[in-house]
Amino acid sequence: MLAFLLVGLPTFGTHATDSPQADVQALVSFGSRVPETPASTQARNYLLAEYRQAGYITEVGRFTYPKFEDKGSTLTIDGVIVEGHALNRSPAGQLSAPLVVVPSVGRSQDFAAVDVKGAIAIVRRGEIRFGEKARNAASAGAVGLVIVNTNSDPLYGVVDGNTNIPVLGLSGQQGESLLQNARTEPPVANLNVNVRQKTVTGYNIIAHLPDVKQPNVLLGAHYDSVPKSPGANDNASGTAVVLELARRLANKPVAHQAWFVAFDGEEDGLQGSKAFVKTAEPKFLSYLQAMLNFDMVGVNDQLFVGGTESLIALVQKTNPKLSKIRDTGASDHESFARAGVPVLFFYRGEEPNYHLPTDTVVDPKLLQATVEAAQSLVQYHLLTTNY
Ligand SMILES: [Zn+2]
């Protein structure tokens, strides 16, 4: 009987069970959704199928961006290999040279105090920008630069501006003894900054009803994740919330005023939303009353909102339990805010599994609560009050 009833029903098959929790589980099951990986493709196909299933037409917005990749950079000294991190935008380089301790932080007067010609200079972090340290080192004749963190954390950073010498970052733990150990005869070290610049292709997923060319509201969330993390909370949670809102609104009049977008490449610097904004017509953007962005909404009881004051006030009117955060700007709404679009950011705050392989679980109740907060805003306050 059951089997007979199910025959021909289009909602069954490989398709999930239409809940944000099931969507999160499906997305997590593919693995970490780094752009250009099979998991990313699987996630894209899943989302496209789910949006179509919910009655929407879909578009895929393809874009490319440059990505800096550290393939394992090291400093070898006295036979010991120290694994550091190439600073972002550093040129690649592999060289053997004396390692010379430069006093202080690598200002030009610091370099005047020592001879670094043909040497690898090593300096402490602080006071001036990484790029300035690198340019001072290069002007003084150094062929490579090592920067040591002021605490025991690894040093990640960006060389701002141009540098023509390779730059490696070390943690304080790794580098402090090297800084302390200024020898009269500097030891020869091997610096290997093993980096490359590649072009990555990303795909935004856009869903809307067939007649909606110009939405009033855009609901978005990034579906990519960082390497090695299945990204349940960051950000299968937001992706699933936007998809669930699309399902719930599909037969409501407001669906004729909305677009739903799953952004790619967020973790590489908001790449998907930047590409979306860049290719959108100015008229399209100026017509948007609100861009709602959802990032990390499946862990932590408190739901925060940030962004444009008028939208925060509006959502707090519908849901007084929402707290306002000072906007960190670290997610896709920022790309729209920069283009003058009013934005509202939904976020539940930092959590211990952030960007780790252990980001595997979200709380279904929190997904539902986020959906409900956004749904009442969109359905009863945002669109209807102004039209
Ligand atoms: Zn995120």
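Eight strands form an open sheet with mixed pairing, in the order β1-β9-β11-β10-β12-β15-β13-β14. Here, helices (H or I, at least four residues) and strands (E, at least two) are DSSP runs numbered from the N terminus, and two strands pair if DSSP finds at least two bridges between them. In general, strands of a sheet pair through backbone hydrogen bonds, either parallel or antiparallel. The model is predicted: local features need pLDDT of at least 70 and side-chain atom pairs count only at pLDDT 80 or more, while totals for chains, interfaces and linings use all residues. Residues are numbered from 1 along each chain as its sequence is written, and side-chain values use heavy atoms, with hydrogens and water left out.

Helix α8 (residues 271-279) lies across β1, β9, β10 and β11 and runs at about 135° to β11. Such angles run from 0 to 180 degrees between N-to-C directions, with axes fitted to C-alpha atoms, for helices over the stretch in contact; contact means heavy atoms within 4.5 Å.

Strand β3 (residues 80-86) runs antiparallel to strand β7 (residues 167-170), and 2 bridges join them. H85 stands opposite G169 in β7.

The zinc ion is coordinated at 2.0 to 2.6 Å by H222 (NE2), D234 (OD) and two OD contacts from D295. Donors are N, O and S atoms within 2.8 Å of the metal (3.2 Å for Na, K and Ca); water is not among the atoms, so sites may look incomplete. Along the chain, the donors follow the spacing H-x11-D-x60-D. H222 in strand β10 (residues 217-222) and D295 in the loop between β12 (290-294) and β13 (304-307) lie 73 residues apart, and this pair links distant parts of the chain. H222 is buried, with a relative accessible area of 0%, and D295 also counts as buried, at 5%. Buried means under 20% relative accessible area, exposed over 50%, and partly exposed in between (1.4 Å probe, protein chains only).
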